[in-house]
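Colleague: Could you take a close look at one part of this model for me? I would like to see how it is put together and what sits on and around it.

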Amino acid sequence: MAQLIDILRVEVGLKNLVARVRVSDEAPLMTSEDLQGTTRVYKLMPHIVEHACLGDASETFKEVMGNTELAHLLEHVTVELLSRSAASAEVSSGRTYPVPGEARTYDVELSCPDDVLVCAALSSAVWVMDWAFGGGEGPRPDVDAIAEGLTGLVQSLGDEPAEAYEREVQEEIDAEVEKRRDELLAQREDELAQRRALAEAAAAAAADQARARAAVESAALESSRAEELSQLPSWAVDPDDPFVRKVREGRGPDFVQREASPEAWQSAQESLGSSDDERSGNAGDVLDSSQAPFVEAVDEPGPVADGGDVEVELP
């Protein structure tokens, strides 16, 4: 019996198995080209016409079975064998579509509760198709025996192969997710570092600008102050001068000692003269400022000598 359908390759995923098959040049491409072979398949498994077929004009496979691709019929034969196997706890399903650019070649996609089970069912379906469209030569396939054989095959292997495969695939997925997560975290950290650097640079620039403005404002204030003082008469007293302010406050309990310019010292003494005269009853003599680089104002005025002189201690 000639091999009419060749399985070129099989790809197993988490939920589906995809088999690429090629229909030989000697085999009919459509079931309508060999209705006797199609009928042999129907008589082997009459429930096949009850399959749902959502990709065609009819809701069931009954109306399209007589005029569809052999690869499409192969899909339904495989699904029927899976549904009869006790090893398949899930509802089996599939779909078939041609491979672009490759004549007589199709991808048959099947739900995959167990890769060993599905691969064995697909191989058995190819044997059934070869028998039916090969003229019915050789022993008639026993569908029930095939289903029991599939069940026994899976039971003999146990769950370990499938579980090991699932663990392997899950580990690969977890590793890929973790890798992607690390890449995203590293990217996010780089973005945050760049933002922090920009924020720090902006803050430093703002601080520099603030210091520059403060320096300009301070220089302008000093210049204005100097200009104002330069326009005062030589005898005028600056009320904001620290020496004058301290001399006035010297009548308190604190002592003030500082180096005085002759002009400022003379002005301060003249400013204080009228108050001293009132307290002593005499006009106060003014001490020559050139002889007193330092002045100390005491809390209480010293003894008043004849003539109303004010006693000033010199260092």
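Modeller: Happy to. Among contacts in the protein chain (heavy atoms within 4.5 Å) between residues at least 6 apart in sequence, 63% join residues at least 24 apart. This is a predicted model, in which local features need pLDDT of at least 70 and side-chain atom pairs count only at pLDDT 80 or more, while totals for chains, interfaces and linings use all residues. Residues are numbered from 1 along each chain as its sequence is written, and side-chain values use heavy atoms, leaving out hydrogens and water.

The part I have picked is an open, antiparallel sheet of four strands, ordered S1-S2-S4-S3. Strands (E, at least two residues) and helices (H or I, at least four) are DSSP runs numbered from the N terminus, and two strands count as paired if DSSP finds at least two bridges between them. Strands S1 (5-12) and S3 (94-98) are at the edges with a single partner strand each, so one side of each has no neighbour in the sheet. From one strand to the next, the twist averages 20°; such angles, from 0 to 180 degrees, are taken between the N-to-C directions of lines fitted to C-alpha atoms, for helices over the stretch in contact.

Helix H3 (residues 115-133) lies across S1, S2 (16-23) and S4, at about 170° to S1.

Together with Ile7 and Val12, Val10 makes a nonpolar surface patch of about 180 Å² accessible area. Areas are from the Shrake-Rupley method with a 1.4 Å probe, only the protein chains shown counting as cover for residues. Patch members have over 30% relative accessible area and no salt bridge, with nonpolar side chains (Val, Leu, Ile, Met, Phe, Trp, Tyr) joined within 5 Å and like charges within 9 Å.

Now for charges. Arg22 and Asp25 form a salt bridge at 3.2 Å, N to O, the rule being a Lys or Arg side-chain nitrogen within 4 Å of an Asp or Glu carboxyl oxygen. Arg22 is partly exposed at 28%, whereas Asp25 is exposed at 55%.

Methods. Buried means under 20% relative accessible area, exposed over 50%, partly exposed in between (1.4 Å probe, protein chains only).
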